[in-house]
Amino acid sequence: VSQSRYGLTLNSSQEYFYPPTSYNQHSALIMNGKTRTDVITPATTLSAVKTAYDAAFAANPGNFIVLHLTAPQITGDATINLNSYTSVILDGTINLNFGVTAFTATSSTHICISGGMILGGNTTGRPGLSFANCSRIIIENMSLNDFGDKNTRVGNSDVIAFAGCGTPCVVTGCTINGGGARGIWTKGNSLASTSGFILTDNSISNVNMDGIDFDVTTASSLAMDNTCTKNVRYGIFTEEGANLNHLIRNTCNSNEIGLNLYSSATYNTIRNTLVANTCTANQRGIRFGALSPWETSQNFAFNNQIYDCTSSAIDAQNIGSSNYLSQNILSGNATNFASTTSAVFFNPPISSFSLSTSYIDWLARYFWYGADSSLTADPNQNGSPNLMEYALAQNPLAVGTPSSLPFATYDSTTANGPSAIFTYRHNKTATDLTYEIWSSTDLANWTLQNADGVNVFQETANSDLDGDGTTELLRTRIKLGPNETKRFFKLGIRKN
């Protein structure tokens, strides 16, 4: 028996996992040998959702359950323990009660949770999602916010927590903002390692500990294209026996340490790779360190951009050896090196660099999973096509409204006014775009507004909007006539 998908012939003995998600709510085969059962529920409490899910699982033993939550607002009054072979699609928002975790799983496999938002209500003492001894877990395109005050550390408040999980577990396209502990935490159980994590295109900010923590023997895992901003402790922490992990093209802004490799309690932190990451305005950019008898050794940092650190760019401390550094780009730091005891340098750091990108380069930052990456497509359905997301330096797959849309204001106080002002984000790295500001008084006739220093002025409101040198906030100021009562704007983007 064989089945064909995407031109491939699948034998019945081959493992196949194609779960429906919020962006791809297909009705096709999910797994070989698994009959599909769809449960669509408008329930407004998690306890009612749990009742429907448990009933479907009991009535359809061995089937793959697709649980579709359609209510716009759901009260999180009960935790749903997910069995193996479950896909959850969330359309709306879950508002968690105190002490309630939205979804958990123990010793389960083949689970996907996708879409929507989970709000922690700024209460602590529990994660939003929790998995123990699981494998083949996918969490994608979700927002998890308000899991505690970042200035107060509270245990067991990690927003997404994995313990003792195995190959693979994927978290992609998610936004985490606010928490009393870690954003995403992976760790082994006892002395058993956990491996095979793929964490990509996530944004984690304002948590008390680390944006991402590869902890206690996490191995053979990937963190790529994540953004970790304004976390009290570290952007990405690789620690306590974590080994053979790859940190690639992540951005860490305004944390205590951007990328921290350390060991103080459980095994040596060794053979991890840090490539093409950007660390901006942290206290320290990259730190290698340990407490005896453990060590942090044989790690490799290549072509990372580290600038504007308030303490030091690189701190390679003395308990460890053979931490190799090559072609790292250092600029604007209080000092480039705090300690170099455990470091081995292939060559001097580079003092200047280019952040230039093209649309093709920008596309490569994201894992599209079949979503349309063409210029005019809008895969996250937020009203902003891919070309505009690129021009505004936004994530084209993130759920929700872009973080900063163009806007217009009226100014009657500045000299030579009154003025109409159009403000927009500008992707400073884009080399293949032309930005055009158009205005109209009647929405029928439009005029291109080129700065002339008399009636039209181009101004920079913020030269480093995101703190990493890639974006700025520009505004076009147009002098209005004394009797003019309205002015309309539009932003035109043309790919060269």
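The model is a predicted one, and its chain holds three helices and 48 strands. With a radius of gyration of 25 Å, close to the 23 Å that the globule rule gives for 496 residues, the chain is as compact as a globular protein of that length.

**Overall dimensions and packing**

- Taken along the principal axes, the box filled by the C-alpha atoms of the chain is roughly 75 × 60 × 50 Å.
- Of the 496 residues in the chain, 52% are buried.
- When contacts between residues at least 6 apart in sequence are considered, 68% of them join residues that are at least 24 apart.
- The accessible surface of the chain amounts to about 19,900 Å², and carbon and sulfur atoms account for 50% of that surface.

**Parallel pairing around strand E8**

- Strands of a sheet pair through backbone hydrogen bonds, and the pairing can be either parallel or antiparallel.
- Strand E5, which covers residues 73-76, runs parallel to strand E8, which covers residues 93-96, and four bridges join the two.
- Within this pairing, the residue that stands opposite Gly-76 is Leu-96 in E8.
- Strand E8 is also joined by three bridges to strand E11, made of residues 117-119, and these two strands likewise run parallel.
- Thr-93 has Met-117 as its bridge partner in E11.

**An open antiparallel sheet**

- Three strands, in the order E45-E44-E48, form an open sheet whose pairing is antiparallel.
- Strand E45 (447-448) and strand E48 (488-495) stand at the edges of this sheet, and because each has a single partner strand, one side of each is left without a neighbour in the sheet.
- Strand E44, formed by residues 433-440, pairs with E48 in the antiparallel sense over eight bridges.
- Trp-438 is placed opposite Lys-490, which lies in E48.

**A nonpolar patch on the surface**

- Tyr-324, Val-344 and Phe-346 make up a nonpolar patch on the surface, and together these residues have about 270 Å² of accessible area.

Methods: Residues are numbered from 1 along each chain as its sequence is written. This is a predicted model: local features need pLDDT of at least 70, side-chain atom pairs count only at pLDDT 80 or more; totals for chains, interfaces and linings use all residues. Side-chain values use heavy atoms; hydrogens and water are left out. Two strands pair if DSSP finds at least two bridges between them. Patches are made of residues with over 30% relative accessible area and no salt bridge: like charges are joined within 9 Å, nonpolar side chains (Val, Leu, Ile, Met, Phe, Trp, Tyr) within 5 Å. Accessible areas come from the Shrake-Rupley method with a 1.4 Å probe; for residues, only the protein chains shown count as cover. A salt bridge is a side-chain nitrogen of Lys or Arg within 4 Å of a carboxyl oxygen of Asp or Glu. The radius of gyration is taken over C-alpha atoms; the globule rule is 2.2 Å times the number of residues to the power 0.38. Buried means under 20% relative accessible area, exposed over 50%, partly exposed in between (1.4 Å probe, protein chains only). Contact means heavy atoms within 4.5 Å.
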